[in-house]
Amino acid sequence: MDKPSPFFSNLKCRECGRLYPKQAIHVCDFDFGPLEAVYDYDAIRPVLTRAAIESRPHTMWRYRELLPIDGEPTVGTQVGFTPLVKADRLARALGIRELYVKNDTVNYPTLSFKDRVVSVALSRARELGFKVVACASTGNLANSVAANAASAGLKSYVLIPADLEQGKVLGSLVYGTNVIGIHGAYDQVNRLCSEIAGKYGWGFVNVNLRPYYAEGSKSMGYEICEQLGWRIPQHTVVPMASGSLLTKIHKAYGEFARLGLVENSPFAVYGAQATGCAPIAHAMKRGTDIVKPVPNPMTIAKSLAIGTPADGYYAIHAMRQTGGSAEDVTDDEIVAGIRLLAECEGIFAETAGGVTVHCAKKLIDTGKIPRDGSAVLCITGHGLKTQEAIAGKCGELRLIKPSLREFEEHVYAKDTAAA
Amino acid sequence: MPTVLIPTPLRKLTNELEEVSAAGATVGELLDNLDRAFPGLKDRVCDEAGNVRRFVNIFINGEDIRFLEEKATPVKDTDEISIVPAIAGG
């Protein structure tokens, strides 16, 4: 048993503030409000200095005092510290002065930001003694739970909607996990998982381990600040499924300011969704915080297709409080966003990345993000996982015989004529 | 009578029962009857105004009652009702 963390003391209901012990529980007994980790920032401040952080390995665990486990991390110790790319060509294409891409398409080991949350959830699952871990997933989380559980020697079950992309299904099966496809939308997978978690005592990373899981997303925000030279970006565009990542990036910036690691400068967070499943963006545009669920999500951005977003309410408040806003884009715009990012920056993002890029374009075009500003786009997963979405939509293979004459005739002559 | 699946946070009120039966022609009536059998249960699920709380989802045979008629949704004897807390994404 690890000694309790001196920095992370309790779980606390976000609604009523009741305190709970650091167990595998995720909602308040009294109002079902989500439970969140509570830290002793006064104890953290003298320990977690810029110098201390800079002296540590380049992983998300360099901010470990702000992550909710008791002992040393034991799962996913190599996760995080992905590149923050200064995206000058994309900035010109979108018409903004300064732009960065936080590139979690190359996160270790499963090429999405979910490795961050799983690293925390499974490290905590081990501390709490779980032998079987599981998740409800739209794909990326399943990949990450499967891989990280395999390397930790934990048995795992991942439950996914039956119609996911092949890359995401194979990308779980290969690790020897139990992949269960559910005939239904993600929200039904979620409901089932909630019932299973209560019944068998498994560690479900996004159900009973959710308070630990969710905090892992903050590391993306910490890294952005550090990689920008210890400052909070003016504008951050974040894809939204449940809305959790956006609220945690908002929290991360606030914590860094509170700890004096960055100046407490004004910042805004913006949420990006696909029009075929945009309950949070639509509520934001209607000017309300009542998120109307989407019964049948219809979008190629399957990783964002959550019709009943658990953190929608908090995401809306984070956007509103910081002066940010939300956008949504069609399937064609998602493909255009994927191509633009790939062609400008050499980064191949999954559909959620296309959503983020094209929503950023809309936010800039409508003046919500000013053209003379500086923005960060959070790109959360790799394009190799969702190849179906762009197949046949980004140029064609040109076939020739292995002959110089054919090359000159069919390729060189045509291309020089076109130029 | 319809079957109701009780989530972990509410089992302290149901003597740790995972599944209970309750009568009622609608979801609202069923919640009232559940509250009689297990006092305090309705307060956990509904706010002061009697509306289902923001972070609670109620399903009938897997359908979210917000897509049906909310608390006025009719309930049949063979139905399975789930009360489920909101879950983070994936």
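**Stop 1: a helix pair in chain A**

Keep in mind that this is a predicted model. Start by selecting helix α5 (residues 140-152) of chain A together with helix α6 (residues 166-173) of chain A: their axes come within 8 Å and cross at roughly 15°. Angles under 35 degrees count as roughly parallel, so α5(A) is roughly parallel to α6(A). Turn the view to look at the crossing, and you'll find that α5(A) passes α6(A) in a left-handed one.

Now show side chains where the two helices touch. On α5(A), pick A142(A), N143(A) and A146(A); on α6(A), pick K168(A), G171(A) and S172(A). By class, that contact has two nonpolar, three polar and one charged residues.

**Stop 2: strand β5 in chain B**

Jump over to chain B and select β5(B). Five of its six residues are buried, so β5(B) is largely enclosed by the rest of the structure.

Which strand pairs with β5(B) in the parallel sense? Select β1 (residues 3-5) of chain B: the two pair over three bridges. To see how they line up, pick V4(B), which stands opposite I81(B) in β5(B).

**Stop 3: where the chains meet**

Finally, bring both chains into view. On the chain B side, 25 residues are in contact with 36 residues of chain A. Color the side of chain B that touches chain A by class and you get twelve nonpolar, six polar and seven charged residues.

Key:
Residues numbered from 1 in each chain as written. Chains lettered and ligands numbered in written order. Predicted model: local features only at pLDDT ≥ 70, side-chain atom pairs only at ≥ 80, totals over all residues. Contact = placed C-beta atoms within 7 Å. Nonpolar A, V, L, I, M, F, W, Y, C, P; charged D, E, K, R; others polar. Axes fitted to C-alpha atoms, helices over the stretch in contact; angles between N-to-C directions. Helix = DSSP H or I, 4+ residues; strand = E, 2+ residues; numbered from the N terminus. Parallel < 35°, antiparallel > 145°, perpendicular 65-115°, else oblique. Left-handed = near helix turned anticlockwise from the far one by under 90°. Buried ≥ 20, exposed ≤ 12 C-beta atoms within 10 Å, placed from the backbone. Pairing = 2+ DSSP bridges.
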